[in-house]
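Here is a short walk through one structure, taken up residue by residue. Please keep the sequence and the 3D view open while reading.

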Amino acid sequence: MYFAALLTLTEDGWVASDTELDDVETLADLIGLARDASPDDDPVLVFIEQEDAWFGIVRVEGEDDPRIFVSDGAAAARSSYGEILTKELLGDDRGDDTADLDALDLDGTETGEPDDTEEETQAVGDVPAAPVGDRQILEDLGMSEKELLALGTDALSEIADALGASEMLETVR
């Protein structure tokens, strides 16, 4: 189950609204929702949370490119809305299993056996089970990168509290 909310920073403070993600199929759809919430180009934070497994924040300000943070890339990538965010952060081709032959260093001596001298690395296209995206997304709003990375299972409430918007978020929960 997902929870999604929009927080808009107006000259009068934060305004929160519940949002439905039923019609969101792309990042552009999500950004459109955020821009519709702020006709004056005020900063808008889109919070998405999946049953305490992961949370994501999309920050939209006017026509600037959106800033995105996801608490756990691997968990998010396994969900429809999280996949929208991780694809943007890590590239659309991460799930493509076909190798780009031009990028391989093939000199004709390959045996097909693994090279024991090379360190094991994460396979290309794997999504890390760690935070991904803009870790300073809330820095200018009162939450440091260190605080963001240390958040627990009630992350959205902790973020809203740090931003002075906890009452607003609780009203839409």
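A residue is called buried when its relative accessible area is under 20%, exposed when it is over 50%, and partly exposed in between, using a 1.4 Å probe and protein chains only. The model is predicted, so local features need pLDDT of at least 70 and side-chain atom pairs count only at pLDDT 80 or more, while totals for chains, interfaces and linings use all residues. Residues are numbered from 1 along each chain as its sequence is written, and side-chain values use heavy atoms, with hydrogens and water left out.

Ser38 has a relative accessibility of 6% and therefore counts as buried. Its place is the loop between α1 (27–37) and β3 (44–50); helices (H or I, at least four residues) and strands (E, at least two) are DSSP runs, numbered from the N terminus. Neighbours within four places in sequence aside, Ser38 is in contact (heavy atoms within 4.5 Å) with Thr8 and Val44.

Next come the aromatic rings. Rings of Phe, Tyr and Trp (its six-membered ring) pair if their centres lie within 6.5 Å; planes under 30 degrees apart are stacked, over 60 edge-to-face, and the rest tilted. This rule gives 2 aromatic pairs. One of them joins Tyr2 and Tyr81 edge-to-face, with 4.6 Å between centres and 80° between planes. Tyr2 belongs to strand β1 (residues 2–10) and Tyr81 to helix α3 (residues 80–90), so this pair links distant parts of the chain, 79 residues apart. Tyr2 is partly exposed because its relative accessibility is 28%, whereas Tyr81, at 13%, is buried.

Phe55 and Phe69 have ring centres 5.9 Å apart and planes at 45°, so their pair is tilted. Because Phe55 lies in strand β4 (residues 54–60) and Phe69 in strand β5 (residues 67–70), the pair ties together parts 14 residues apart in sequence. Both Phe55 and Phe69 are buried.
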